[in-house]
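Here's a quick briefing on one protein model, written for someone who likes cut-offs spelled out. Have a look at the structure first, then work through the notes below.

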Amino acid sequence: MFARTAESRRLVDGLSINECDVRSADQVRQRIETGAHDRLAFRGALLAVPPDARDAWLDRVLGLGTLPDDGPELPSGCVPYLPCGVEALLEIVDSAHVGPADVFVDVGSGVGRAMALVHLLTGAASIGIEIQSRLVQAARDVARVVSSKIRNVHGDAVELTCCIVVGSVFFFYCPFSGERLQHVLAELEAIAQTRPIRVCCVDLPLPACTWLAAEPATSGSVTIYRSAYDDVSALAR
């Protein structure tokens, strides 16, 4: 079981952000609230913030405060919620070539910050699956501000395959392992046999799968997997 680290707490407590970044975040949030959001302008504003302040900047844009505590709904053996850093999510967006036609599925979505960021950067629809009701409520509060294209589902990803089947990009950040993970990967394999998908992982190397191939890594924490069935589909065409 992972402990919530000082670094993960910093991501949501608004530290390490100067007055200029505060003004920038407030301006970006105002554009989102008034329906004036522009993906390129958002990315430019984000990249103008120093890398070590981008998490705090994003949390201010999304109106996130202190993380809700993990509750009794978290299954035994599952990792408590940890927010994924902005730099890893930027790498995923670029390396997995996420675009507006994609459906980004966050397995273990917490308060929804990864889904919100991916949507704001790319226009992709986002679905989050989270087992802890307090985190789901926080994520729905974020989605109400950001976009109607973000959907938060309360439940266990192992049981909610109906939410997975519509996805094209799947995101895992230390949600679970063992038989639970193997079950979800089996569901993803069935989807991969019907269309191309990408599986994106941060700090969670997947168990060996004959149908998944890792792309060359661009960092030590992010791995992008593509389906071996993609090559078969291409040959069939």
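The side chain of R113 reaches the backbone oxygen of C84 at 2.6 Å. R113 is found in helix 6, and with a relative accessible area of 1% it is buried (buried means under 20% relative accessible area, exposed over 50%, partly exposed in between, using a 1.4 Å probe and protein chains only). This is a predicted model, where local features need pLDDT of at least 70 and side-chain atom pairs count only at pLDDT 80 or more, while totals for chains, interfaces and linings use all residues. Residues are numbered from 1 along each chain as its sequence is written, and side-chain values use heavy atoms, with hydrogens and water left out.

**The overall picture**
- The protein has 10 helices and seven strands; helices (H or I, at least four residues) and strands (E, at least two) are DSSP runs, numbered from the N terminus.
- Of the 237 residues, 53% are buried.
- Take the contacts between residues at least 6 apart in sequence: 72% of them join residues at least 24 apart, where contact means heavy atoms within 4.5 Å.

**R113 and the helix 4/helix 5 crossing**
- Back to R113: its side chain also joins that of D55 through a polar contact of 3.4 Å. A polar contact is a pair of N or O atoms within 3.5 Å; within protein, one must be able to donate a hydrogen and the other to accept it, and residues adjacent in sequence count only if both atoms are side-chain atoms.
- The axes of helix 4 and helix 5 come within 8 Å and cross at roughly 85°; axes are lines fitted to C-alpha atoms, for helices over the stretch in contact, and angles run from 0 to 180 degrees between N-to-C directions.
- Helix 4 and helix 5 are therefore roughly perpendicular to each other (under 35 degrees counts as roughly parallel, over 145 as roughly antiparallel, 65 to 115 as roughly perpendicular and the rest as oblique).
- On the helix 4 side, R54, D55 and L58 make the contact, and on the helix 5 side V86, E87 and L90 do.
- Sorted by class, that contact of helix 4 with helix 5 has three nonpolar, no polar and three charged residues. Here Ala, Val, Leu, Ile, Met, Phe, Trp, Tyr, Cys and Pro count as nonpolar, Asp, Glu, Lys and Arg as charged, and the others, Gly among them, as polar.

- F42, A45 and L46 are the buried residues in helix 3 (residues 39-47).
- They sit on the same side of helix 3 because they cover an arc of only 100° around the axis, the arc being that of the directions from the helix axis to the C-beta atoms.
- An α-helix has 3.6 residues a turn, so residues three or four places apart point the same way.
- Packed against those buried residues are helix 2 (19-33), helix 4 (54-62), helix 5 (86-95) and helix 6 (113-122).
- D38 caps the N-terminal end of helix 3, with a side-chain oxygen 3.2 Å from the backbone nitrogen of L40.
- Helix 3 and helix 6 have axes that come within 7 Å and cross at roughly 120°, which makes helix 3 oblique to helix 6.
- R39, F42, R43 and L46 of helix 3 meet L117, H119, L120, L121 and T122 of helix 6; by class, these are five nonpolar, two polar and two charged.

**S24 in helix 2**
- S24 is in helix 2 and is buried, at 17% relative accessible area.
- Leaving aside neighbours within four places in sequence, S24 is in contact with A45 and W57.
- With W57, S24 makes a side-chain to side-chain polar contact of 3.1 Å.

**S227 in strand 7**
- S227 belongs to strand 7 (residues 222-227) and is buried, with a relative accessible area of 5%.
- Apart from neighbours within four places in sequence, S227 is in contact with A192, I197, W211 and L212.
- A polar atom of the S227 side chain lies 3.0 Å from the backbone nitrogen of Y229.
- S227 and A213 are 14 residues apart along the chain, and 6.3 Å separates their C-alpha atoms.

**Two loop residues**
- H97 lies in the loop between helix 5 and strand 1 (103-107) and counts as exposed, at 59% relative accessibility.
- H97 is a residue other than glycine with a positive phi, near 55°.
- V165 sits in the loop between helix 8 (161-164) and strand 4 (169-172) and counts as partly exposed, at 42% relative accessibility.
- Not counting residues up to four places away in sequence, V165 touches I191 and R195.
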